[in-house]
Amino acid sequence: MRTIQNLKPLQFLGLICVLFFLTAPFTIPLVANDFWVSIVTEIMIWGLFAASVNLLFGYTGLLSFGQAVYFGMGAYGVALTIDIFGFSFWPAALVGIAVATVTAFITGIFAARLTWHYFAIITVVFSLIFFFFAVGWKDVTGGDDGLPFTMPPLFKAGGFELSLLDLTFQYYFILAVVAGCFVLMHMILKSPLGFAFIAVRENASRAGLVGYNPYMIRLVSFVFAGFFAGVAGVLFALFSRYASAHFLFWTVSGEGIIWMIVGGAGTLFGPVLGAAFLTIVREELSLYWEHYLLVVGVIVILFVTYAPQGIMGLLKSWLDRTFENKHTANSAIDGSAVDRKGDHK
Amino acid sequence: MSTPVLQVEGLTKMFGGLTAVDNLHFTLPGGGLHAIIGPNGAGKTTFFNLISGFLRANSGSVIFNGEDIIGRKTHEISRLGISRTLQIKSVFTGLSVYDNVWIAAMGRSRFLNPFKSAASYTDVAANVETILEDMGLSDFTKELAGNLSYGDVALLEIAIALATQPKLLLLDEPVSGMSPNETKHTVDIIRGLSKRLDVILIEHDMEVVFGAADMITVMNQGAIICQGSPEAVSNDPSVQEAYLGTPGEEDEEELRA
């Protein structure tokens, strides 16, 4: 039986985070401005987006500068079906996710053949193609100005109506979807497929020699990552009530990479920490200084140079030192977590 | 006579102007430990690379248990039952010893269920434990592969190769860089393995080769110059010429030893 007493320190912190996210719409207004609730909502969406980058880089060893494509496809899938075809909420959301996943599959057929810088380059190219296409086709996509839409209700029966226009409901809806995605991602990473991802990251030729098809494994990872980025894009379109060509731009992918690196690549929740930290930095600093991105740049440089494990790595080593945990590389298959990257350096 | 395990016909591999493997004919009847020796650059490792799909042959065929495997991808060849180790040891450095072998044991699965926990595959776990035990790696299961000594990495690589349950095992200099004790331990293990599956061994250590192999093939300049029992090979004049004929060859010392 698991009880609070035998939780590891990191699990205890996790529990506090869970409580925070579960109660945020009620606890935040007690101590801060209401608009921080929507910042936390945004952090959850960006955290999921950064986690999709992490699935590729942290677990499969592929650095993608193109995750914004699937994020943007998800967002446009929702916005276009609602605005043009008058779809209701659920079909629109499902179309958004499906379009993102299918796009990931088609582009993945080409991208998964490549690794390292060639992979990074082809994903940038995909990103630019889709971006210029969206900017150019202004009649449909709204181009730079974006495509706003009217939010359809999520559920309607008689006089009763549930809609994301109710901000507390919106918060819990997004929390539920993001949490569901993280449960799914956790399951995948702890499954034989997850270990195949890691095997390909660690040593693709060895993985091939023991019977894995590295191309197939990369493609599957790419499609899953596209799916998660698509869900994030759908949520962000619903949250901001519009889609824009800029969602597809490679700088959005770049932000995902930065969140992942600062939070801790190769850890499940590191990307959320990174997204949270840098979003808060942005919100606080941008009030005082328009060039706050310089500070973000310095933070990223410091992390890459001195703490390549990111916030999660710092947190783990701090907890280990504080609680004097003996550090052994446990098997991940046995169920105990193991630091995937860096311990062996 | 039953069909041979491995039948190689006219295998040729050229790198630019250099013919690394030259119209090679080779038959592995099956059963026992087969060693391939030869001076550096004789084409031994290239031969392995061709069999395992790392390189594409310019011409020729390799029939494994009745199937032509030339042109197949590495993972397809592995799934047919050929497993190999590399001259430069290749393991999953950032993972634990246990996970290394576990991943290899799952490599043949047709479907990697993304919704089933890896920990729930109890039969795979039991298999992994047995292999680690057999290889004498049980004490290191939780150690990162990258932290192992060189000799243990070589043993781990053999464990990985075995976890795929091969019919044919190709070992490329498994004992190079090992201490005499480690070498003895490893050779004993390889001897034991060769009783239940076919093993082809590339090795420079002549003591190991002549002490352990049932059959020896000598390669030089991409071709087989001699094949036979250890006694027959050691008395063959063409072998002595290949090794001793070119002064300054490093293997010269080894042959005399």
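In the predicted model, chain B holds an open sheet of six strands in the order 6-7-8-3-9-10, with mixed pairing (strands pair if DSSP finds at least two bridges between them; strands are DSSP E runs of at least two residues and helices H or I runs of at least four, numbered from the N terminus). Strand 6 (82-84) and strand 10 (223-228) of chain B stand at the edges with a single partner strand each, so one side of each lacks a neighbour in the sheet. Strand 9 (residues 215-220) of chain B pairs with strand 10 of chain B in the antiparallel sense over five bridges, and B:V218 has B:C226 in strand 10 of chain B as its bridge partner.

The axes of helix 3 (residues 97-106) and helix 4 (residues 122-134) of chain B come within 9 Å and cross at roughly 125° (axes are lines fitted to C-alpha atoms, for helices over the stretch in contact, with angles from 0 to 180 degrees between N-to-C directions). Helix 3 of chain B is therefore oblique to helix 4 of chain B, where angles under 35 degrees count as roughly parallel, over 145 as roughly antiparallel, 65 to 115 as roughly perpendicular and the rest as oblique.

The contact between the chains takes 33 residues from chain A and 38 residues from chain B, contact requiring C-beta atoms, placed from the backbone, within 7 Å. Helix 8 (192-202) of chain A gives the most to the side of chain A that touches chain B, with seven residues.

Residues are numbered from 1 along each chain as its sequence is written, and chains are lettered from A and ligands numbered from 1 in the order in which they are written. Because the model is predicted, local features need pLDDT of at least 70 and side-chain atom pairs count only at pLDDT 80 or more, whereas totals for chains, interfaces and linings use all residues.

Methods: Contact = placed C-beta atoms within 7 Å.
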